Amino acid sequence: MQHIPDNEFDRLFKDRLMDAEVQPANDLWERIAPQLSTKKKRNMSIYWSAAATVLIALSAGLLFKPQEKIALHAAQESVPAKVPAAAGNSGVPAEKHVHAKAQVSSTALQAVSEEQGDNSPSPVEKHYAASKNLIVEEKSLVAMQPVEEDDHHIIKVTEEPAATITTEIETAMTETALANNIKPVNTEPEVSEAMNEAAEVEQQSRPRIRNAGDIVNFVVDKLDKREQKFVEFRTDDDEGTSLVAINIGPLKINQRRSR
Amino acid sequence: MTRTYTITELMEGCKAGNRKMQELLYKQTASKMLAVCMRYAKDRMEAEDSLQLGYIKIFQKVTEYRGDGSFEGWMRRIMVNTAIESYRRNIKSMNVVPIDDAYEQPATGFDFHRLGMQDLMKLIQNLADGYRLVFNMYAIEGYSHKEISEMLGISEGASKSQLSRARAILKQEIIKMEGINYATYTG
């Protein structure tokens, strides 16, 4: 074999090595297999957690759109009355009441409506509702007056309905008072005392789910029993959507740890 | 009783993440793939490490195989790329190759046909890393110098000069081997 050209030389190697076979060690597959399983499973679980979190957050966000927050101390700060639930029983068309921008505490109305919807409220709540009605009565007098800016002509048109509201509320109040065997309370100190008491009780007995963040926290709490959940929202602010903690395996974020 | 699967069936099973099919694909192809790894490695241990990495990569990437070219060819390319990656990770060992007086050796007087596959494998493994890679990629895998220069991150000129040095060293080694063989024949 004399002076072999490069391409022939290469070819000799290629011919013998291209389809060569070398038996690997017997246990080599046993070394490969575990590396496959762990990698795959771990990746999957991370993806599933992430997907589940997004799904939960989205659906909760859709179901519980930001609602007007019910202020527990709203007796002092008046808001325009929405459709009073109390009017529902009266037989008077609801639209009229909508126009009446009576300055009625919405909390008070809420309380009345709860009173009517609930068959067995706690005594304190009943008391609370009854006392609230007094406020309503007082406030509804204010409602007769023209209220600020551009509400003027609406007020004129709806003075009568506003008066009806007062009547409605009075009726509701009397009903409630009768039902509860509690006499209307007239003096200011008692009212506020009862209110404070009621507010406290309510704060404790109300379900703690108020917004989307609460929903997510609740679901996560059921699924993830660790102390640091894989996702946690702060829910004591108005939006209830501030993400404070994430714990997905290697990824840990925690903005706050005092609960 | 073992049903034999075609490589396409095994490939489909692997795409579905079927563990049994992964194992069968390994069993059916490992010896060929190890031969590929051996050519790119210094020794058997390094080759088996690279075989492991290569199979893990094959199972991870099998869904990306689109059916252009044979599946076995695709697997080989994964093995080669794995070898190249580990070479590039240890690139520091390159360029410190002692260049023998390989060029001056006459390329005559050896009988190739006496050399078996294992001999040739041994010869390639004994090359310095850079030479080994370039020779394998050019002579056996059939890459062009342009492709090699891109894959290894070297210039085309470097690829060419490393190839010719690799050939020269191999020829020299073969002559040495032949001499020993001849000696054992006669002696």
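Here is a short walk through a predicted model, one selection at a time.

Stop 1: Select residues 7-15 of chain B, which make up helix α1. Color Leu10(B), Met11(B) and Cys14(B), and you have three buried residues of this helix. Why do they sit on the same side of α1(B)? They span an arc of only 100 degrees around the axis, so they share that side. Now bring up α2, α3 (44-61) and α4 of chain B: the buried residues of α1(B) pack against these helices.

**Stop 2: two helices packed together.** Stay in chain B and select α2 (residues 19-40) along with α4 (residues 71-89). Their axes lie 10 Å apart, at an angle of about 35 degrees, and the crossing is right-handed. Which residues of the two helices meet? Show Thr29(B), Met33(B), Val36(B), Cys37(B) and Tyr40(B) from α2(B); facing them from α4(B) are Glu72(B), Met75(B), Arg76(B), Met79(B), Val80(B) and Ala83(B).

**Stop 3: where the chains touch.** Zoom out and display both chains. The contact draws on 25 residues of chain A and 27 residues of chain B. On the chain A side, pick α1 (6-17) and α2 (28-63), each of which supplies at least two residues. Which helix gives the largest share of that side? That's α1(A), with 8 residues. Color the chain A side by class to finish, and you get 15 nonpolar, 4 polar and 6 charged residues.

Key. Residues are numbered from 1 along each chain as its sequence is written. Chains are lettered from A and ligands numbered from 1 in the order in which they are written. This is a predicted model: local features need pLDDT of at least 70, side-chain atom pairs count only at pLDDT 80 or more; totals for chains, interfaces and linings use all residues. Axes are lines fitted to C-alpha atoms, for helices over the stretch in contact, and angles run from 0 to 180 degrees between N-to-C directions. Helices (H or I, at least four residues) and strands (E, at least two) are DSSP runs, numbered from the N terminus. A crossing is left-handed if the near helix is turned anticlockwise from the far one by less than a right angle, and right-handed if clockwise. Two residues are in contact if their C-beta atoms, placed from the backbone, lie within 7 Å. A residue is buried if 20 or more other C-beta atoms lie within 10 Å of its own, exposed if 12 or fewer, and partly exposed in between; C-beta atoms are placed from the backbone. The arc is that of the directions from the helix axis to the C-beta atoms. Ala, Val, Leu, Ile, Met, Phe, Trp, Tyr, Cys and Pro count as nonpolar, Asp, Glu, Lys and Arg as charged, and the others, Gly among them, as polar.
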